[in-house]
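This report describes a single protein chain, its helix packing and a few of its residues. The sequence and structure are shown first.

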Amino acid sequence: MRCGSTLGGPHGLCEAENVTSPHSVLIVDDQAPFRMAVKAVLRRLPCFQLAGEASSGSEAIALVDELHPALVLMDINMPEMNGIEATRRILAAHPDVVVFLCSTYDVADLPPAAAASGASAYVNKEQFGADTLRRLWQERNSGSFAAT
């Protein structure tokens, strides 16, 4: 099954093989403007659906327990609990959840614990968009930590 965006054309398509409903997404970021930008991207991709939003790592853990999203877009730097620790805890309890870390770090400057957190990928917030999200989702089971 293919699903497309309202933009049409090949850039609006996303793979959703054998999926009868959109993949649910939890956005975790302490900055409301980035959460709003991610929601705008999700609206362009019918294969993804907003499940909820969190502004801290501890709130993210509680919402994953409650909502069981397919994907968590996790900011690295947040007060209380950083996204790397929240990712570790989420994946320990929910190994079927996919986590993509998001931040403004250059790939070379990522904290060493990012790749070891269990996250499937890292995306620089400046590079985040529909094409990047589709590509990372398609590569989520590659077994390697993808960094964009």
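## Loops, helix packing and a buried serine

His68 lies in the loop between α2 and β5; helices (H or I, at least four residues) and strands (E, at least two) are DSSP runs, numbered from the N terminus. The model is predicted, so local features need pLDDT of at least 70 and side-chain atom pairs count only at pLDDT 80 or more, while totals for chains, interfaces and linings use all residues. Residues are numbered from 1 along each chain as its sequence is written, and side-chain values use heavy atoms, with hydrogens and water left out.

His68 is not a glycine, yet its phi is positive, at about 50°. Glu80, in the loop between β5 and α3, is another non-glycine residue with positive phi, near 70°. Glu80 has a relative accessible area of 70% and is therefore exposed (exposed means over 50% relative accessible area, buried under 20%, partly exposed in between, with a 1.4 Å probe and protein chains only).

| Residue | Phi |
|---|---|
| His68 | about 50° |
| Glu80 | near 70° |

The protein chain has five helices and eight strands. Along the sequence they follow the pattern β-β-β-α-β-α-β-α-β-α-β-α-β. Of its 148 residues, 48% count as buried. Among contacts with a separation of 6 or more, 62% are between residues 24 or more positions apart; contact means heavy atoms within 4.5 Å.

Two packed helices are described by the angle between their axes and the distance between the axes. For helix α2 (residues 57-67) and helix α3 (residues 83-93), the axes come within 9 Å and cross at roughly 20°. That angle makes α2 roughly parallel to α3. Axes are lines fitted to C-alpha atoms, for helices over the stretch in contact, and angles run from 0 to 180 degrees between N-to-C directions; those under 35 degrees count as roughly parallel, over 145 as roughly antiparallel, 65 to 115 as roughly perpendicular and the rest as oblique.

On the α2 side, the contact is made by Gly57, Ala60, Ile61 and Val64, and on the α3 side by Ala86, Arg89 and Ile90. By class, this contact has five nonpolar, one polar and one charged residues (Ala, Val, Leu, Ile, Met, Phe, Trp, Tyr, Cys and Pro count as nonpolar, Asp, Glu, Lys and Arg as charged, and the others, Gly among them, as polar).

The buried residues of α3 include Gly83, Ile84, Ala86, Thr87, Ile90 and Leu91. These residues lie on the same side of α3 because they cover an arc of only 160° around the axis, the arc being that of the directions from the helix axis to the C-beta atoms. Their cover includes α2, β5 (71-75), β6 (98-103) and α4 (113-116). Ala92 and Ala93 are exposed and sit on the face of α3 turned away from its buried side.

Strand β6 also contains Ser103. Ser103 counts as buried because its relative accessibility is 2%. Leaving aside residues up to four places away in sequence, Ser103 touches Asp75, Ile76, Asn77, Tyr122, Val123, Asn124 and Lys125. Ser103 and Tyr122 are 19 residues apart in sequence, and their C-alpha atoms are 8.0 Å apart in space.
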